[in-house]
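Try each task before reading the solution under it.

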Amino acid sequence: MNTAEEPQRESVRIRLDLAYDGSAFHGWAAQPGLSTVEGTLREGLATLFRREVPLIVAGRTDAGVHARGQVVHLDLSAAEWTGLIRGRSITAEDALVRRLAGVLNAQRGAIVVFAAREVAPNFDARFSALSRTYRYRIADEPALQDPLRRSDTAWHRTRLDAEAMNLEAVSVDGLRDFGSFCRPRERSTTIRELQRFSMQRDDDGIITARITADAFCHHMVRALIGACMDVGEGRRHPGWLQSRLADPSWDERVRLAPPAGLVLESVQYPADEQLGVRAEQTRALRDSL
């Protein structure tokens, strides 16, 4: 009796989960002559596979912005994927994590790939995502300015009204046009669903912002937090964020919060069977409320 052979796969889609210290790089996106997260990771992959390996990332981060839960995907040939094992008693997933740790060692831990796994061919790190969550830390008194945490905490020169900032933050939840808080890009919508935005002073005195949306436009997180800081400092009146939303245009009134306090904490995805549907939904241009 003949047994049908399993079809030979031509390529394998791989998801990488990684973290990085953004202060060591000029942002995520590869740029000629500059050290970036994408550029460094691609160099490492090129060392392993002897070719350029394109990457798709869940969300680009600015220079100085960190990530604890960044996600990328890449495509390898089936031979490249199985070849990582080299006859050893190890999975291809573990082999890739270990070998990337070796080639990225020159960065002294600035990038850590902590997980790799094969995913469905329709998984898209960017378009399959349901949401992204960021955290932002602010030290607004000298006693709170810990030099050991200066790379992930923004230092502010005057004390802020955390309660007023939180009232501003929660007032802009929902599906809206955030054009007044997004640096415009050609053929790109500024309509986003802000699912959670809050600010509170923690027990240690640090003000922590937590913000989740289906996706973020260019500079959107830092612009929203900067606007809340303006209100908390008394430079802008309560209701400032709402009034800006009524005029969705980027102008000189936008003040970006410093990048140092910002961390991409996590990216959420649907169940595997919904990945393709989600990607198609996200690719559709959100051109109206």
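**Exercise 1: the pocket**

The largest pocket holds about 1,100 Å³ of space, in a model that is predicted. Work out what lines the largest pocket and which elements contribute.

Solution. Start with the lining: 45 residues, with Arg126, Arg185, Arg192, Phe216 and Cys217 lying nearest the centre of the pocket. Next, sort the lining by class, which gives 20 nonpolar, 11 polar and 14 charged residues. Then look at the elements: strand E2 (56-57), strand E5 (131-139), helix H5 (220-233) and helix H7 (275-283) each supply at least two lining residues. H5 gives the largest share, three residues.

**Exercise 2: the core**

Find which residues of the largest nonpolar core touch the most other members.

Solution. The core has 81 residues, and Leu16, Leu18, Leu41, Leu96 and Phe197 come out on top for contacts with other members. H5 supplies the largest share of this core, nine residues. Now zoom in on Leu16: leaving out residues up to four places away in sequence, its contacts include Val71, Leu96, Leu100 and Ala115.

**Exercise 3: the rings**

Classify the pair formed by tyrosine 134 and phenylalanine 216.

Solution. The ring centres are 5.4 Å apart, within the 6.5 Å cut-off, so the rings pair. The planes meet at 85 degrees, which is over 60, so the pair is edge-to-face. Now place the partners: tyrosine 134 sits in strand E5 and phenylalanine 216 in the loop between strand E9 (207-213) and H5, 82 residues apart. Finally, check burial: tyrosine 134 is buried at 7% relative accessible area, and phenylalanine 216 is buried at 17%.

How values were computed. Residues are numbered from 1 along each chain as its sequence is written. This is a predicted model: local features need pLDDT of at least 70, side-chain atom pairs count only at pLDDT 80 or more; totals for chains, interfaces and linings use all residues. Side-chain values use heavy atoms; hydrogens and water are left out. On a 1 Å grid over the protein atoms alone, a cavity is a set of points where a 1.4 Å probe fits but cannot get out, and a pocket is an open set with protein on both sides within 12 Å along at least five of seven lines; lining residues have an atom within 4 Å of a point. Grid points are joined across faces, edges and corners, and a volume is the space filled by probe spheres set on the points. Helices (H or I, at least four residues) and strands (E, at least two) are DSSP runs, numbered from the N terminus. Ala, Val, Leu, Ile, Met, Phe, Trp, Tyr, Cys and Pro count as nonpolar, Asp, Glu, Lys and Arg as charged, and the others, Gly among them, as polar. A nonpolar core is a set of buried Ala, Val, Leu, Ile, Met, Phe, Trp, Tyr and Cys residues joined through side-chain atoms within 4.5 Å. Buried means under 20% relative accessible area, exposed over 50%, partly exposed in between (1.4 Å probe, protein chains only). Contact means heavy atoms within 4.5 Å. Rings of Phe, Tyr and Trp (its six-membered ring) pair if their centres lie within 6.5 Å; planes under 30 degrees apart count as stacked, over 60 as edge-to-face and the rest as tilted.
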